Amino acid sequence: MTKGVLLPRTTPPFSPSTITHWRTTKPTVPFTHKRSIIATQPPLPCFLHDFSKVLSRTACSSSRRTNSNGLSYSSRVSLAKAVSINTNMSNYCTHSTDEIFSSKRRSRGPVMAAKKAAEGVTQEDSKYKHTVDLPKTTFGMRANSSQREPEIQKMWEENQVLKNIADGNTGGNFILHDGPPYANGDLHIGHALNKILKDIINRYKEARNNLTPLKLRAKANKFAKETVKSQMSSFKRYGVWADWNNPYLTLDPEYEAAQIEVFGQMALKGYIYRGRKPVHWSPSSQTALAEAELEYPEGHVSRSIYAIFKVVGAPVVSNDLLHEFPNLCIAIWTTTPWTIPANAAVAINPKLEYAVVGVESLDERASSSGENKKKKFGNILKDEKIPCLIVASELVSRLEAKWGVKLVVKRRLLGSELENYRYLHPVDNRECPVVVGGDYITTETGTGLVHTAPGHGQEDYVTGQKYGLPILSPVDDRGIFTEEAGQFSGLDVLGEGNTAVVKYLDENLSLILEESYEHKYPYDWRTKKPTIFRATEQWFASVEGFRDAAMGAIGHVKWVPAQGENRISAMTSNRSDWCISRQRTWGVPIPVFYHLQSREPLMNEETIDHIKSIIAQKGSDAWWYMTVEDLLPPKYCDRAAEYEKGTDTMDVWFDSGSSWAAVLTKRDCLSFPADLYLEGTDQHRGWFQSSLLTSIATTGKAPYSCKNQKESPAYGADVLRLWVSSVDYTGDVMIGSQILRQMSEIYRKLRGSLRYLLANLHDWKADYTVPYHELPRIDKHALCQLENVVKTIQGNYDNYQFFKIFQILQRFVIVDLSNFYFDVAKDRLYVGGSTSYTRRSCQTVLAAHLLSIVRVIAPILPHLAEDVWQNLPFQYTTEYGSVAKYVFEAKWPALNERWLNIPVEEIEFWGKILELRTEVNRVLEVARTGKLIGAGLDAKVYIYSSDASLASQLSELCEAKNDADTLHRLFITSQAEIIPSLEDEHFKDVPYSGECLIQGKTKVWIGVSRATGSKCERCWNYSEQVGSISDHPTLCGRCYSVIGVQMPPEVAAVS
């Protein structure tokens, strides 16, 4: 008799498959607080760990309305394993790509040095290092919600914060009647939406001094254990026998360490590498995807086009086509017009016969009748001189019918004769070659000539490697054209960008036909949105290195049903290298370090083993909370300052595909390989295949003799609350693991902005406040923006439009502040002098922002707000003279009308400055690409405008008395100059320049050259003063003034 063991995969504390238990037998009676009345039901357990747990309980495919309340709404929450994101939720940012670009590009110079120091990376020894004011705070970047949120709830409870606030409430009653519950079983996401909406309202009303809130949710410290126990109970009820006392969890440290071990073995065998090549990319998820994470829904329609490229050159040994046909073009067909800007070649099949055809006559009836939504003819067909075209001979008659023209064959030739002809790129006019492709070039569709963009297709990439073609991919993580795409920059490639490319081709007589084309197209199976092929830096497993072994092992496995062997064989034999890295903040990290200067990865047997031992003891969270020095083996500790941790995590299929190593080979009662793997047929490209590949690569054999699943990330209560605030609850709302991941990322960025504020106020006292009338112009503008935001948010709270609050906060805190004010402020905060006027004025503004933002987010994100408040580096005294120990004791920010009373002309001027700054950044980036400069501080900017008023205003900034308002500080360059005329010969030699229209009407010329003078050792700005100060020859004048105040006396004496 064979002993059988079923090892259960019960839900770990952070998996997405269960929901909290709460039942009631009768509703409770209303209870009363001083100045308030709340009709309530029993308290909900607080959501402490993973709110995606509610997603895969299929019994909750739709949530009934569980409560009636004073706030009228009717919502349905769609729940499933993979949930489509509502189109209104697919992109939460309203900012432009220019704004994103500018913030990333600006982090240079001492700012980066400060950032490295804050992360534990030491600077080179310098006698001036003590004079730099680096950010300091105990407020961590990681929320650690599962631990911190219960601690905050416990603090509120032990200090009776709710009771004290209610007792001190002097406002009138605000009654939110919470109806009795349905005793209908476990909690689901509908309960969360319902209760959190009510709690947001109540906390806001309390902050506005009008409210006694609903009873705070009871904490649930044993939430994770209860959910695991709940699933076990359900499985037992099904009659399942298993070793329920000893399940395995994929998030156990032992499991994660085994996964790192598998990765390490593959890496050391040379199967793991990092490269830039096209991968399936999900703009909606902003991450690379594996083939198993794609689906191909029926009914997808692409905008396909037939386009022509003008032939301009022939190889040395040629058949002289250009001599015979001087007006000659090659015709291509593509279903992705948005990839045309990245075109690098046109590929032909050397064995096919091609024809040079002339367009002798135009079928007017066919042309006019084709103008509809599905088919549109290009302007070139209306031109009197239509060029001769090269197409596959076999397709001539088919193209005649499709294009509505008469094609006359003038010459025939083999595809091999076309190699190395050259044509003009239809967008940027660079010359590109005709190359030989592979067997993928057929006459089934198209023209027989294939538009080739190595940055956007696997076959294109392979062909490009053969010919050394450039890998162009002018598309960012969100599927938006980058500046590299020129005039199409900022457009969505799957939307208006696609349309713009087609329109451009048509306007430039390069479009023959545009028509709808229905075909199978890859979608992100989580978000249900289209993906793209895009070249990015990723980690890959070289399947080619062990493909033959995998194919051999498949034949030695018994497959039930038998056709399963054909399915997995086909998928394994044809798959490209496995992209195993993901751009997610959850999961098992790829254990690699990158050199800060060369970006070369550090990953060897010693580093992998060291990290594996750490994760075995502390779990994978250690990768994020431990320093580089602690994560590196002792041998490399003295070089820790030269490295940073990688941020990529492993593909979830690598997680699940390592289960054979984490379970079968680690437990004494089990053996490897398993006798049976059993799962749905979709796992032939999922768990069955990932398990096979990892096992073959490391052990040489399959993990099963006869022919399972992945985890999701953990989230805190505030992430779920953020989601609730983001949706329009008056209609149907959508939720899924991907949406929660996006919310988690937005929460992380918001937390990072608050951390910036805390860290730069570490030495702040209220006594240091600079009076409003003495503030620089930039600081007054920042306060005006802040007050407008607070005022608008207050109105949205009053109108219960929480999704608008979410949008405003994301735009203001994460985008506007981080990308402009925070970025510009770093110079005066770090190197402007600890007690300088400009630093104190900036801290005055930062303190105002911190105290306002943390209070306006408190109703939605109470744990984050309280966490920030408990880390305040100074005390906050209320208008009544008492110290607010807790954020809700601070009440709502009082409106400051003075901050709002900035002249309209001043607000409009700052709008121009922000727009001009974006354009300056464009020219700086071109100069950086051209190797003229490395960072912005290496540059001097010249500005010319024929608008005398604007030129005068900009000149005032150049000559500003305070350093904060000077134009070069706003641009984060070393120098800026407003020039009176472009006729001066001196300015004609400026190496990089560009022109733009500010606010669509004011023409501005921008020039960039190397900054003059030498580089200051302390602030990294260039100045003519560097070298002129005898006792401090490496400093500029500003830094010399600062160090006279801040240098320790003994150091100053030595100097």
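In this predicted model, there are 22 aromatic pairs. A pair of aromatic rings is described by the distance of the centres and the angle of the planes. Take Tyr 306 and Trp 403: their ring centres are 5.6 Å apart and their planes stand at 75 degrees, so the pair counts as edge-to-face. Because Tyr 306 belongs to strand β7 (residues 301-313) and Trp 403 to helix α10 (residues 396-403), the pair ties together parts that are 97 residues apart in sequence. Both Tyr 306 and Trp 403 are buried. Together with Trp 333 and Tyr 517, Tyr 306 and Trp 403 form one aromatic cluster.

Another pair consists of Tyr 797 and Trp 892. With ring centres 5.5 Å apart and planes at 85 degrees, this pair is therefore edge-to-face. It links distant parts of the chain: Tyr 797 sits in helix α23 (residues 777-798), while Trp 892 is in the loop between α26 (862-870) and α27 (897-900), 95 residues apart. Tyr 797 is buried, as is Trp 892.

Arg 534 lies over the face of Trp 281, at 4.6 Å from the ring centre. Lys 277 lies over the face of Phe 540, at 5.1 Å from the ring centre.

Strand β19 (residues 532-541) and β20 run antiparallel and are joined by 2 bridges. Strands β19 and β20 are part of an open sheet of 4 strands, with the order β5-β4-β19-β20 and antiparallel pairing. At its edges are β5 (287-288) and β20 (578-579), each of which pairs on one side only. Strands of a sheet pair through backbone hydrogen bonds, either parallel or antiparallel.

Strand β31 (residues 992-998) pairs with strand β32 (residues 1002-1010) in the antiparallel sense, over 7 bridges. Gly 994 has Ile 1006 of β32 as its bridge partner. The hairpin has 3 residues between the strands, and Gln 999 takes a positive phi near 55 degrees. For residues 1013-1042, an unreviewed UniProt entry lists "domain: Zinc finger FPG/IleRS-type". In the model, the end C-alpha atoms of residues 1013-1042 are 20 Å apart, and the span is 20% helix and 13% strand.

In soluble globular proteins, nonpolar side chains tend to be buried together. The largest nonpolar core here has 125 residues, and Trp 723, Tyr 821 and Ile 943 are those with the most contacts inside it. Helix α24 (residues 802-831) gives the most to this core, with 16 residues. Beyond its neighbours within four places in sequence, Tyr 821 is in contact with residues including Ile 778, Ala 782, Arg 828, Cys 842 and Leu 846. A second, separate core has 75 residues, among them Cys 388, Leu 469, Tyr 504 and Leu 511.

Is Ala 342 buried or exposed? Ala 342 has a relative accessible area of 1%, so it is buried. Its place is in the loop between β8 (328-334) and β9 (345-348). Leaving aside neighbours within four places in sequence, the contacts of Ala 342 include Arg 430, Thr 452, His 456, Leu 472 and Pro 474. Ala 342 and Ile 471 are 129 residues apart in sequence, with their C-alpha atoms 8.0 Å apart in space.

How values were computed:
Residues numbered from 1 in each chain as written. Predicted model: local features only at pLDDT ≥ 70, side-chain atom pairs only at ≥ 80, totals over all residues. Heavy atoms only, no water. Phe/Tyr/Trp six-rings, centres within 6.5 Å; stacked < 30°, edge-to-face > 60°. Buried < 20%, exposed > 50% of the residue type's maximum accessible area, 1.4 Å probe, protein only. Lys NZ or Arg CZ within 6 Å of the ring centre and 35° of its normal. Pairing = 2+ DSSP bridges. UniProt positions renumbered as here; feature names shortened; annotations may be inferred. Core = buried A, V, L, I, M, F, W, Y, C linked by side-chain atoms within 4.5 Å. Contact = heavy atoms within 4.5 Å.
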